[in-house]
Amino acid sequence: MKEQLPLMVSDILSRKHFEQAIVIAGVEGLKRIVKWVHVVEVTNIRNLLNGDELILSTGALLKDDEALFVSILHQLIETNAAGLCIEMGTYLSEIPAQAIMIANQHKFPIIIFKKEVPFVEITQDIHTMIINNQYRKINDLRKLFMEEKKRVEEYEWLQGWLEGEHTLDSINEYLLEHGVKPKSTESVVVLAKLFSFKEKSNQDVTYLKLLFRSVFEQNGFVLFSVEKRNAMIFILLNNRPNKNCKERIKNAIQSIEDSEFLRKKSTAKIFMAAGKFVETLTDIHKSCQTAKETLRIQQEMSKKEIYFYEDLHLYRLISEMKKHIDLQELVKEYLQPVIQHDQKYNSKLLETLKVYLECNGCKQDTANKLFIVRQTLYHRLDKLDNLLGKDFMEHEKRVALEFMLLVKDYITPYFLDSKNQIME
């Protein structure tokens, strides 16, 4: 929206009746604001002006009286008039040199007409300009107000939806107003949190919102968004009859993370988390709450690639345990001998233990996955027997070790430094 700038003396010089006008002094003051125009033919005008008036005069009372001219000029300057326009010839033959000097010093424009001009038409023309300009300003302010009011109402409505305040009829009415008729009622909330844009700007945030919208729409979702500080909340409505929402969201997240924009922002990190998939539009708040929990857990753990609430599994339990138990001590109790051995000998026993458990104790699969020969694996397993006990593959102990490995993953997070930059 183009801003309506205030009317200046320079604007008035472009009007029809000023085509032959000459600025003989105060050229540097042509950007003075003009709020009104007065025809003045009195010698004491100080109390008649409010400031920013352009004065028109025939010079009838001046009659080549230099002292009177200078007196009137000082009054105009003191009252912050916009300028003085004088009709030459009938009463005045020239402008006093002292007046020109004073006008130049104060950057006060003096404009002369070398022939008679219709002051009535001039005042009508300029007053019309001023009034129209003011009307456009008021109209533009009204538009800005309505746009801002609409934006606030939209934000509040979507926030109410995220908090479970709306009925199904209200939601359907809202979707209808926006021309949305999704092919499924399945929906989910996705959160995106940004960290460490060195010079984060509104332009970057706007681009990201457009990127999210484009990518998710390409993957078959209708999208509504709410922005909060350095986080964006997206309500995704499935717009395809099939049910592979999770796969499509994962594809969309991968596309965003691989986007050229984020690759160029090498100092930036973005966390994305999806809540529960819900089948009813009135349950969006449940998806929002679980998306927040997923994001919180994701930021605490090292496995940043877990995007979905339903994939957190034991990590949710670990997150709750962390509130009450010193997890680091718990991990030490079970894994400290292996961790210390790896640190002292630069070995890979902890990795071997993890893969061996993942492969359900199958030695061939473990060796293949670790890219080592079976003899090397046997040697490492003997070391694990010595450090953990020969019973480490028995059911209860094995389950405990598997759980401790998850806990260790959880408490080895991406740390944020004092500038909110993410460090591995």
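Good morning. I begin with the contacts: among those in the protein with a separation of 6 or more, 69% are accounted for by residues 24 or more positions apart. Please bear in mind that this is a predicted model. Its mean pLDDT is 84, and 92% of the residues reach 70 or more. Over residues 413–424, however, pLDDT stays under 50, although the model has 24 contacts beyond four places in sequence for them. Where pLDDT is low, the predicted coordinates should not be read in detail.

Next, the overall form. The protein has 15 helices and 11 strands. Its radius of gyration is 38 Å, well over the 22 Å that the globule rule gives for 424 residues, so the protein is more spread out than a compact globule. Along the principal axes, the C-alpha atoms fill a box of roughly 120 × 55 × 35 Å. Of the 424 residues, 45% count as buried.

Which residues of α13 are buried? They are Thr366, Ala367 and Leu370. Seen down the axis of α13, its buried residues fall within an arc of 95°, so they line one face of the helix. Those residues pack against α12 and α14. After α13 comes Phe371, with a positive phi near 60°. Thank you.

Conventions. Residues are numbered from 1 along each chain as its sequence is written. This is a predicted model: local features need pLDDT of at least 70, side-chain atom pairs count only at pLDDT 80 or more; totals for chains, interfaces and linings use all residues. Side-chain values use heavy atoms; hydrogens and water are left out. pLDDT is the predictor's confidence in each residue, from 0 to 100. Contact means heavy atoms within 4.5 Å. Buried means under 20% relative accessible area, exposed over 50%, partly exposed in between (1.4 Å probe, protein chains only). Helices (H or I, at least four residues) and strands (E, at least two) are DSSP runs, numbered from the N terminus. The arc is that of the directions from the helix axis to the C-beta atoms. The radius of gyration is taken over C-alpha atoms; the globule rule is 2.2 Å times the number of residues to the power 0.38.
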